[in-house]
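These are my notebook entries on a structure that was new to me.

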Amino acid sequence: MAYAATVTVDRKGGEIRVTISETEAASTSEASIDLGVEKFRVHRQICTLSSGSATTVDPILGNATAPSGANIILENDTAAATVDNAITGGVTGYSSTGTLYHRSQVDSATDNTVVSVYHITVGW
C-alpha cells in the first residue's frame with residue numbers, strides 16, 4: 001500500500017474542525033487541507049499514533065508544502081505517541097490559497113496509522 005490521507009473539514013459558522021486520518025504514514029508524509037479561508041486562528045492540535053512501528057508523532061502545520069521557517073503556523077514542541085496542544089486565544093495563521101499542509105512526522109517506518117484533529121476559528 002501507499003500513503004493515503006482522508007481529510008474532513010466540518011464548518012459551522014466561524015468554527016472549523018479538521019480531521020485527518022492517515023495510513024502508511026512516514027516521516028515526510030503530508031496531507032493538504034482545503035480550509036477555504038485565508039485568515040484564521042488555530043486553537044487546538046491533536047495528533048495520535050494509532051498503530052504502526054513508530055513510537056512518536058511530532059506534528060507540524062504550515063501554509064506551504066514541507067513547511068519550514070516563516071511557512072510554519074503551528075509546530076509541536078515534544079514528540080509523543082499522543083500530542084494535544086491547546087493554545088489559549090489561538091495562534092493566527094494565513095494562507096493566500098486557503099490551503100494548509102499537515103505533517104504528523106512519525107519517528108520511524110512507513111506502516112503507521114495516525115489520526116489528527118485541528119480546532120480552528122475564522123478570522124483574526
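I took strands as DSSP runs (E, at least two residues), numbered from the N terminus, and I counted two strands as paired if DSSP finds at least two bridges between them. The model is predicted, so I noted that local features need pLDDT of at least 70 and side-chain atom pairs pLDDT 80 or more, while totals for chains, interfaces and linings use all residues. Residues are numbered from 1 along each chain as its sequence is written, and side-chain values use heavy atoms, without hydrogens and water.

Entry on the sheet. I found an open sheet of five strands in the order S1-S2-S9-S4-S7, with antiparallel pairing. S1 (4-12) and S7 (82-94) stand at the edges with a single partner strand each, so one side of each lacks a neighbour in the sheet.

Entry on the pairs. S1 is joined to S2 (residues 15-25) by nine bridges, and aspartate 10 has arginine 17 in S2 as its bridge partner. S2 also pairs with S9 over nine bridges, in the antiparallel sense; here I saw serine 21 opposite valine 115. Between S4 and S9 I found ten bridges, with phenylalanine 40 opposite valine 122 in S9.

Entry on the cores. I defined a nonpolar core as buried Ala, Val, Leu, Ile, Met, Phe, Trp, Tyr and Cys residues joined through side-chain atoms within 4.5 Å, where buried means under 20% relative accessible area (1.4 Å probe, protein chains only). The largest has 15 residues, and Phe40 and Val18 are among those with the most contacts inside it. S2 gives the most to this core, with three residues. A second, separate core of eight residues includes Cys47 and Val114.

Notes. Helix = DSSP H or I, 4+ residues; strand = E, 2+ residues; numbered from the N terminus. Buried < 20%, exposed > 50% of the residue type's maximum accessible area, 1.4 Å probe, protein only.
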